[in-house]
Amino acid sequence: MAPKTDRRTQHSGETRRRILHAAAEIAAERGYDGTSVALVTKRSGLPASSVYWHFGSKDDLLAAVIEHSYTEWLPARPRWAPPEPGTDRIEYLRGWLREAGQSFADRPVFMRLGLMLLLERRAEEPAARARFQQIRAEMLAAMGDWWAAVLPDEAIERRPDLPRLLAQLNMAASDGLYAMSAGDPSIDMNALQDLLATALDSVADRIVREIAADPGTGRAADGGA
């Protein structure tokens, strides 16, 4: 017979999961402002006291929703591992972008809610928005490290900001594709992701060639960034 403490822990964990699941569904439908503790209690079938006991506030609950959704998505995310020697950079980018698109096909809540929160401005920043920004920073850092690994050392010495700029361009374009696919599910995401890979590779190649041809170009661009 399982100890009472184990049963209580299991019950507490199940209660927490029910609350998170209900809050995630509502947030995906109504956004941050449209989500309320009252709606969460109605959908989960649990009292408001349980919500406050486990999460403290609506804001902390939605931050937990983003964290939970992100944790569930992690196994599906593509890895920004430096390619093996001899691997074609553009083919690697194409494969990564397609894999990334597939991982977001189900529209994880942390992306939907997080992007909505990024567009809002509030006197007091929600904890949910802050957590999403941390997630974005982690993703951006991983992309930047990848670009730093595949670009020539001379280019990075002349333009130390280049890996991060390419990562930011990648993220900005990917955000646009994500939003576009939500508004028009009929678009050919694979074709657009292939074009994006070509564009990113071409931009990187163009800057590297400019730096090689005229080292002052890199310094001037860096100073004007």
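Start by colouring this predicted model by pLDDT, the predictor's confidence in each residue, from 0 to 100. Confidence is lowest in helix H11 (residues 215-224), at a mean of 49, and highest in helix H2 (residues 37-44), at 95. Helices here are DSSP runs (H or I, at least four residues), numbered from the N terminus. The protein averages a pLDDT of 86, and 90% of the residues score at least 70.

Residues are numbered from 1 along each chain as its sequence is written. In this predicted model, local features need pLDDT of at least 70, while totals for linings use all residues.

Next, select residues 218-225, where pLDDT stays under 50. The model has 10 contacts (heavy atoms within 4.5 Å) for them beyond four places in sequence.

Now go to the largest pocket, which holds about 560 Å³ of space. A pocket is an open set of points on a 1 Å grid over the protein atoms alone, where a 1.4 Å probe fits, with protein on both sides within 12 Å along at least five of seven lines; lining residues have an atom within 4 Å of a point. Volume is the space filled by probe spheres set on the points, joined across faces, edges and corners. Select Leu97, Ala100, Gly101, Phe104 and Ser174, the closest to the pocket's centre of its 33 lining residues. Helices H5 (89-103), H7 (127-150), H9 (162-183) and H10 (189-213) each give two or more residues to this lining. H9 supplies the largest share, seven residues.

Last, find the second largest pocket, about 270 Å³. Ala24, His68, Ser69, Glu72 and Val109 are the closest to its centre among 14 lining residues. Here H1 gives the largest share, six residues.

Notes: This is a predicted model: local features need pLDDT of at least 70, side-chain atom pairs count only at pLDDT 80 or more; totals for chains, interfaces and linings use all residues. Side-chain values use heavy atoms; hydrogens and water are left out.
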